[in-house]
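Visitor: Could you walk me through this model and tell me where its labels come from?

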Amino acid sequence: METKVRVISGNEEIDNLIYEEAKEILKKGGLVAFPTETVYGLGGDALDKEASKKIYQAKGRPSDNPLIVHIADLDALYKLSVDVNDKALALAKKFWPGPMTMILKKSDIVPKETTGGLETVAIRMPSHKVANRLIKQSGVYIAAPSANTSGKPSPTKAEHVINDLSGKIDMIIQDDTVDIGLESSIIDLSEDIPTILRPGYITKKDFEEVLGEVRIDPAIVGEVKPGVKPKAPGMKYKHYAPNAQITIVEGSIENVVDYINRKAKEDCSNGKKVAIMTTDETKDLYNDYHKYILGSRNDELSIAKNLYKVLRDFDKDGIEVVYSESFENVSAGQAIMNRLIKAAGHKVVTVD
Ligand code: TXA
Ligand code: MG
């Protein structure tokens, strides 16, 4: 199949045609990738089970890994869920539109194909103008996982979507203004104590300010062990991983630099192509290996925004071994470390 790539130009007449074209595709059960404020999504009609099946197929995604349904107004929340409780309303009021996904009991109109067989549904109201307009203008609730091949880093640029899904989907709407760069925070409200299933831009502290007690799914922090089932099925799969083996090194900065310089030299002399994932503040401390600078430690959001692009660059540049600094496991750092640890297949070395 030929995948059309349409660029949002800011010219209303042209852009309107793009949204109309996307609407036709979605109404017919086709797939359209589009930008959101977190990452690009791969959209299909959430109420059309055949469209959901196509999403799984295009991504190579296991069919027990449910999709997030994207909406543009609160009416939709009541249509998709039979249990819009006070907590859900309080969160919606505070964080929507924005990078938050809520898990609620689903209504009958949501097919099990969209929810991976579950009785709950994940719902998000994105703030990105393209996502918002696409949902409104097409009149469709849009099921959309991240628009990457399953297992690869989520796409933050149209180029990433093209690399992964060209030839497998109908259309890509390009507007490279993805801002956050990591997927939405997911919170499960289907049980008594709200539980964070995936950390993101909206932090535990943010949720606590609205809800009081909030738990974090244990599967997020530690390695997922056989028999321990994470509540978000997606969290059990290897994720965000480039071909290179990443090792995260934690400890005092002197020890980290020392360890990385030593190991990089060793790997280099064994003929490996080595890269170091570092930051503005620390990059000059390393010897002359391939350095990939994530951003500034004083601005963790810059690091979140660049992480997936850098992970993809490793593959593009044929990198075989990566050493990465680590980040503090609080606020935005928690979302960064969650993704980084998965990208490294949990390979973390402590050097203190
Ligand atoms: O920022 C985002 O959330 C992006 C953009 C496109 O909106 N979407 C995204 O979707 O990251 P995806 O499919 O890559 O991740 C969805 C996660 C998966 O880990 C999945 O298992 C979990 O949400 N999930 C979906 N429905 C669920 C449910 N009913 N119960 C538990 N977890 C659920
Ligand atoms: Mg994903």
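Guide: What follows is a conversation about labels and the definitions behind them.

Guide: This is a predicted model, in which local features need pLDDT of at least 70, side-chain atom pairs count only at pLDDT 80 or more, and totals for chains, interfaces and linings use all residues. Residues are numbered from 1 along each chain as its sequence is written, chains are lettered from A and ligands numbered from 1 in the order in which they are written, and side-chain values use heavy atoms, with hydrogens and water left out.

Visitor: Thanks! Which domains does the chain have, and how do you know where they end?

Guide: The bounds come from an automatic or database domain assignment. That assignment gives domain 1 (4-220) and domain 2 (245-350). Their centres, taken over C-alpha atoms, are separated by 29 Å. Domain 1 puts 25 residues into the contact and domain 2 puts in 17 residues, where contact means heavy atoms within 4.5 Å.

Visitor: What is the strand order in the open sheet of 11 strands?

Guide: The order is S1-S8-S2-S3-S7-S4-S6-S5-S9-S10-S11, and the pairing is mixed. Strands here are DSSP runs of E with at least two residues, helices are runs of H or I with at least four, and both are numbered from the N terminus.

Visitor: Why do strand S1 (4-7) and strand S11 (215-216) count as edges?

Guide: Two strands pair if DSSP finds at least two bridges between them. S1 and S11 each have a single partner strand, so one side of each is left without a neighbour in the sheet.

Visitor: What makes strand S4 (residues 68-70) and strand S6 (residues 120-124) a pair?

Guide: S4 and S6 are joined by 3 bridges in the parallel sense, and the criterion asks for at least two. Within this pair, Val69 stands opposite Ile123 in S6.

Visitor: Which helices lie on that sheet?

Guide: Among them is helix H6 (residues 158-165), lying across S1, strand S2 (32-34), strand S3 (41-45) and strand S8 (171-174) and running at about 165° to S8. H7 also packs on the sheet: it touches S5, strand S9 (185-188), strand S10 (195-198) and S11, and its direction makes about 40° with that of S9.

Visitor: Why is helix H4 (residues 86-95) called oblique to helix H7 (residues 204-211)?

Guide: Axes are lines fitted to C-alpha atoms, for helices over the stretch in contact, and angles run from 0 to 180 degrees between N-to-C directions. Here the angle is about 125°, with the axes 10 Å apart. Under 35 degrees counts as roughly parallel, over 145 as roughly antiparallel, 65 to 115 as roughly perpendicular and the rest as oblique. That is why H4 is oblique to H7.

Visitor: Which residues make that contact?

Guide: H4 brings Lys87, Ala90, Leu91, Lys94 and Phe95, and H7 brings Asp206, Phe207, Val210 and Leu211. They divide into 6 nonpolar, no polar and 3 charged. In this scheme Ala, Val, Leu, Ile, Met, Phe, Trp, Tyr, Cys and Pro are nonpolar, Asp, Glu, Lys and Arg are charged, and the others, Gly among them, are polar.

Visitor: What is found in the loop between H4 and strand S5 (100-105)?

Guide: Pro97 is found there. A cis peptide bond joins Trp96 and Pro97, with omega about -10°.

Visitor: Now the open sheet of 5 strands: what is its order?

Guide: The order is S14-S13-S15-S12-S16, with parallel pairing. Strand S14 (290-293) and strand S16 (348-350) are the edge strands, each pairing on one side only. On average, neighbouring strands are turned by 25° against each other, direction ignored. Strand S12 (residues 245-250) and strand S15 (residues 321-325) run parallel and are joined by 5 bridges, and Val249 stands opposite Glu325 in S15.

Visitor: Why are H10 and H11 called roughly parallel?

Guide: Their axes come within 9 Å and cross at roughly 20°. That angle makes H10 roughly parallel to H11. On the sheet, helix H10 (residues 300-316) runs at about 175° to S13, while helix H11 (residues 332-343) runs at about 135° to S12.

Visitor: What stands out about Ser331?

Guide: Ser331 has a positive phi of about 35° although it is not a glycine. Its place is the loop between S15 and H11.
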